[in-house]
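The tour below goes from stop to stop, with something to select at each one.

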Amino acid sequence: MKKKEKTNVMRVLDSKKISYKEHYYGDTEAISGVEVTEALGQNPEKVYKTLVTTGKTKTHYVFMIPVAEELDLKKAAKAVGEKSIEMLKSKELLGLTGYIHGGCSPIGMKKLFKTMIQAGADQYDTILFSGGKIGFQVELSFADLQKVVPVEMAELCK
């Protein structure tokens, strides 16, 4: 286990006095979200990936879906009232959000974007998602996530 390192996500949660559990998986070869869940011994249905998109109106949106699922772009567009959306290009991610691919978290982005999560996320006591840096995940309740980022639920997966 690596020495205690605080990511920006953890600093934001600390500043809002929100309790969370940190998970470190940087000592593994895990790359995909499913590999990360296996490395952490977690249920892949409660581990979420953070995806950033651009709508036809050039507005950016954040979607959180279980790591083993795939975002349905039509459902996602409907959920945010857009005609269509597309995934943000990886090279644009850092400048827009402050995060790199594989370490993108809904908490602590440069700007607050409309954020949607797959319906059912509230059925778990806690959910996990990126801690804002590759190798780090944070675990907290859906209610606590909503205290930091206004998240709405919708059917988003294929």
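This is a predicted model. Start with Asp14, which is partly exposed, because its relative accessible area is 34%. Show its side chain together with that of Lys6: the two form a salt bridge, and the closest N and O atoms are 3.2 Å apart. Lys6 is partly exposed as well, with a relative accessibility of 41%. Side chains of opposite charge can pair when their charged atoms come close.

**The open sheet**

Next, select the strands β4, β2, β3, β5 and β8. They make up an open sheet of five strands, in the order β4-β2-β3-β5-β8, and the pairing is mixed. Which strands are at the edges? They are β4 (85–87) and β8 (151–154), each of which pairs on one side only. Neighbouring strands in this sheet are turned against each other by 35° on average, with direction ignored.

Now keep β5 and β8 on screen. Strand β5 covers residues 114–118, runs parallel to β8 and is joined to it by four bridges. To find a bridge by residue, pick Thr115: its bridge partner in β8 is Val151.

Helix α3 lies across β3 (60–66), β4, β5 and β8. Its direction makes an angle of about 125° with β4.

**A threonine in the sheet**

Select Thr54, which sits in strand β2 (residues 48–55). Is Thr54 buried or exposed? Thr54 is buried, because its relative accessible area is 13% and the limit for buried is under 20%. Show the side chain of His60 too: the side chains of Thr54 and His60 make a polar contact at 3.2 Å. Apart from neighbours within four places in sequence, the residues in contact with Thr54 include Thr59, Ser84, Ile85, Glu86 and Leu88.

**A threonine in a helix**

Move to Thr37, in helix α2. Thr37 counts as buried, because its relative accessibility is 2%. Which residues does Thr37 contact, leaving aside its neighbours within four places in sequence? They are Gln42, Pro44, Val47 and Val67.

**The aromatic pair**

Show the rings of Tyr24 and Phe136. A pair of aromatic rings is described by the distance of the centres and the angle of the planes. The count of aromatic pairs in the model comes to one. Tyr24 and Phe136 form a tilted pair, with 5.1 Å from centre to centre and 55° between the planes. The pair links distant parts of the chain: Tyr24 belongs to strand β1 (residues 21–24) and Phe136 to strand β7 (residues 136–140), 112 residues apart. Tyr24 is buried, with a relative accessible area of 18%, and Phe136 is buried at 4%.

Glu139 forms a salt bridge with Lys46, and the closest N and O atoms are 3.6 Å apart.

Then select Glu70 and Lys158, whose side chains meet in a salt bridge at 3.1 Å, N to O. Glu70 is in the loop between β3 and α3, while Lys158 is in the segment after β8, so this pair ties together parts that are 88 residues apart in sequence. Lys158 is exposed, with a relative accessible area of 62%.

Most residues other than glycine have a negative phi. The last two stops have a positive one.

- Lys17 has a phi near 55°. Find Lys17 in the loop between α1 (8–15) and β1. It is exposed, with a relative accessible area of 76%.
- Lys58 has a phi near 75°. Find Lys58 in the loop between β2 and β3. It is exposed, with a relative accessible area of 64%.

Definitions and conventions: Residues numbered from 1 in each chain as written. Predicted model: local features only at pLDDT ≥ 70, side-chain atom pairs only at ≥ 80, totals over all residues. Heavy atoms only, no water. Pairing = 2+ DSSP bridges. Axes fitted to C-alpha atoms, helices over the stretch in contact; angles between N-to-C directions. Contact = heavy atoms within 4.5 Å. Buried < 20%, exposed > 50% of the residue type's maximum accessible area, 1.4 Å probe, protein only. Polar contact = N/O pair within 3.5 Å; in protein donor to acceptor, adjacent residues only side chain to side chain. Phe/Tyr/Trp six-rings, centres within 6.5 Å; stacked < 30°, edge-to-face > 60°. Salt bridge = Lys/Arg side-chain N within 4 Å of Asp/Glu carboxyl O.
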